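Student: Can you walk me through this one? I would like to start with the helices and then move on to the sheet.

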Amino acid sequence: MSIALDVMGGDHAPEAIVRGALDAAPLLRTKVLLVGDETKFQHLLPKQLPANIELVHASQSVEMEEKPLDAYRKKKDSSLMVAARLVKEGHAQAMVSAGNTGAASATALLQWRQIEGIHRPAIASHLPNRHGGFVLLDAGASPDVDPEHLVEFAIMGRAYAQKLMGRPNPKVQLLNIGEEKGKGNAFAKQVYGLLERHSWFAGNIEGKDMFAHPTDVVVCDAFVGNIVLKSCEGLAELIVESIRNEVPTKMPAKLLYWPVRKVTAPLRKQMDYAEIGGSPLLGLNGLCMICHGRSNPKAIKNALLTTEKALDNGLVETIRSTVCDELGSIDE
């Protein structure tokens, strides 16, 4: 298997991307194709490349502020386009990018198209809680959707929870302003009516309860999901920074806080987005891993490891094989 890595995408590209790939290489059985302008990152590579790393030249790159469709139409030799083309042509089985999320999503969608039965792709983001975490989708791909599309998100989220989180029979809950049936706006009520036809639906869930209760899959539209995701990131950073600021910087007072490190270290790890590295864009005929724009080498390394795990567990194939049966039950 091969993973096409967009070397030119991200706030810290190409340095962080290349470093992450080199760190991941000894841990991967998969080949990594470094896609980008070789003249801009050749100096970052060792004289002897790891056996599972290859270079694929792409003369253009997509900037973070570019409009997705403009980038797709005008930059046919961008690192994003070349990476997606490698997957389409079977030279790679997945692509990873920390670049322009909209452009990565649009390129993957237009190159690969949706799985039959799926009308909108969704970004699945793994979030921590007291019971091993859960997956939230859509976290940013499709802000304008119909109620039926959230049923598709639920099916894809269950596949993610099964294959990447080891949940044998994951339950799905609808993010809402109250847990009782009948809560929410007209859209939420329509979604509830469609989801309750399935045995795996466990009702509404409030935002605060996602982190306190055993939770597998939470669905919402991308407008809500992206706000939730970024709010969580901001709060996590505030908590960690606040703890850090309370620790004295000078000896000997600093020694008194040394035992606190044993408590805060797991907390920092749990809240660190780089531990997962990336979120897959589900619903397409290929695997696209979306990474944070400010991804560091650790995030890129873990994104590659997560992508290999998704390939090993047949995430895309699982979605494709189950979607027809699940969606067919809606019409019965």
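**Helix H6 first**

Tutor: H6 is mostly covered, with 16 of its 19 residues buried (under 20% relative accessible area, with exposed over 50% and partly exposed in between, 1.4 Å probe, protein chains only). This is a predicted model, where local features need pLDDT of at least 70, side-chain atom pairs count only at pLDDT 80 or more, and totals for chains, interfaces and linings use all residues. Residues are numbered from 1 along each chain as its sequence is written, and side-chain values use heavy atoms, with hydrogens and water left out.

Student: What span should the 19 residues of H6 have, and how far apart are its end C-alpha atoms?

Tutor: Helix H6 covers residues 147-165, and at 1.5 Å a residue it should span 27 Å; the end C-alpha atoms are 26 Å apart, which agrees. The expected span is 1.5 Å times one less than the number of residues. Helices (H or I, at least four residues) and strands (E, at least two) are DSSP runs, numbered from the N terminus.

Student: What comes just after H6?

Tutor: Glycine 166, which takes a positive phi of about 70 degrees.

Student: Sheet now. What is the strand order?

Tutor: E3-E2-E1-E4-E12-E11-E5, an open sheet of seven strands with mixed pairing. Strands pair if DSSP finds at least two bridges between them. E3 (53-57) and E5 (122-123) stand at the edges with a single partner strand each, so one side of each has no neighbour in the sheet.

Student: In which sense do E2 and E3 pair?

Tutor: Parallel, over five bridges, with E2 being residues 31-36. Leucine 34 has leucine 55 in E3 as its bridge partner.

Student: Serine 279 is in strand E11. Buried or exposed?

Tutor: Serine 279 is buried, at a relative accessible area of 13%. Its side chain makes a polar contact of 3.1 Å with that of serine 125 (a pair of N or O atoms within 3.5 Å; within protein, one must be able to donate a hydrogen and the other to accept it, and residues adjacent in sequence count only if both atoms are side-chain atoms).

Student: Which residues touch the most other members of the largest nonpolar core?

Tutor: Of its 60 residues, Leu5, Leu34, Leu137, Leu195, Val219, Leu304 and Leu315 do. The largest share of this core, 11 residues, comes from H6. A nonpolar core is a set of buried Ala, Val, Leu, Ile, Met, Phe, Trp, Tyr and Cys residues joined through side-chain atoms within 4.5 Å.
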